[in-house]
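This report examines selected local features of one protein model. Please consult the sequence and the structure shown below while reading.

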Amino acid sequence: MASATFVLPPQAESVHSARSFATGTLTGWNLAHLSENMELVVSELATNAFRHGLRLAETRAKEPIRLSLLRRDGLVACALNDPGSGFPTLRDPSPLDIGGLGLHIVESLSLRWGWAPLAPYGKIVWAVLR
């Protein structure tokens, strides 16, 4: 069992940094074969955390988002926390909508994904890959 955590400051380049961190961590764990799917999952979850989590928590927008990776045997869980009170939901965007498919990507690439509220505020969104 191993774990790694990375703090993402509220900056545009943080999503790229999160992907790089995930790839480097998986490579160090000899799980580089998961990197491509993990990069997509991390990218979608981090983008959602910045786009929705920070926007919905304007008074706490300066708080960082944390990305944690946890490895157990051949499974790797990634989890991102943000200060927002809203919760993630799968939606069915129209063909003319820009975006809206991120959680569908997460769902299709992971064994399981979900979220949980954090006390006193915020949430954690997670996904497990094999």
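## A buried charged residue

The model discussed here is predicted. The residue D82 has a relative accessibility of 5% and therefore counts as buried, since buried means under 20% relative accessible area.

## The salt bridge

D82 forms a salt bridge with K123, and the closest N and O atoms of the pair are 2.8 Å apart. D82 belongs to strand β3, which covers residues 75-82, while K123 belongs to strand β5, which covers residues 123-129; the pair therefore ties together parts that are 41 residues apart in sequence. The relative accessible area of K123 is 6%, and this residue is buried. The count of salt bridges comes to 1.

## A cis peptide bond

The peptide bond that joins A119 and P120 is cis, with an omega of about 0 degrees. P120 is located in the loop between β4 (112-117) and β5.

## Positive phi angles in two loops

Which residue in the loop between α1 and α2 is described here? N30 is found in that loop, with α1 covering residues 14-28 and α2 covering residues 35-54. Although N30 is not a glycine, its phi is positive, at about 60 degrees. N30 has a relative accessible area of 68% and is exposed.

A positive phi is also found at D73, a residue other than glycine, where the value is near 55 degrees. D73 lies in the loop between β2 (65-72) and β3. With a relative accessible area of 67%, D73 is exposed.

Terms used:
Residues numbered from 1 in each chain as written. Predicted model: local features only at pLDDT ≥ 70, side-chain atom pairs only at ≥ 80, totals over all residues. Heavy atoms only, no water. Salt bridge = Lys/Arg side-chain N within 4 Å of Asp/Glu carboxyl O. Helix = DSSP H or I, 4+ residues; strand = E, 2+ residues; numbered from the N terminus. Buried < 20%, exposed > 50% of the residue type's maximum accessible area, 1.4 Å probe, protein only.
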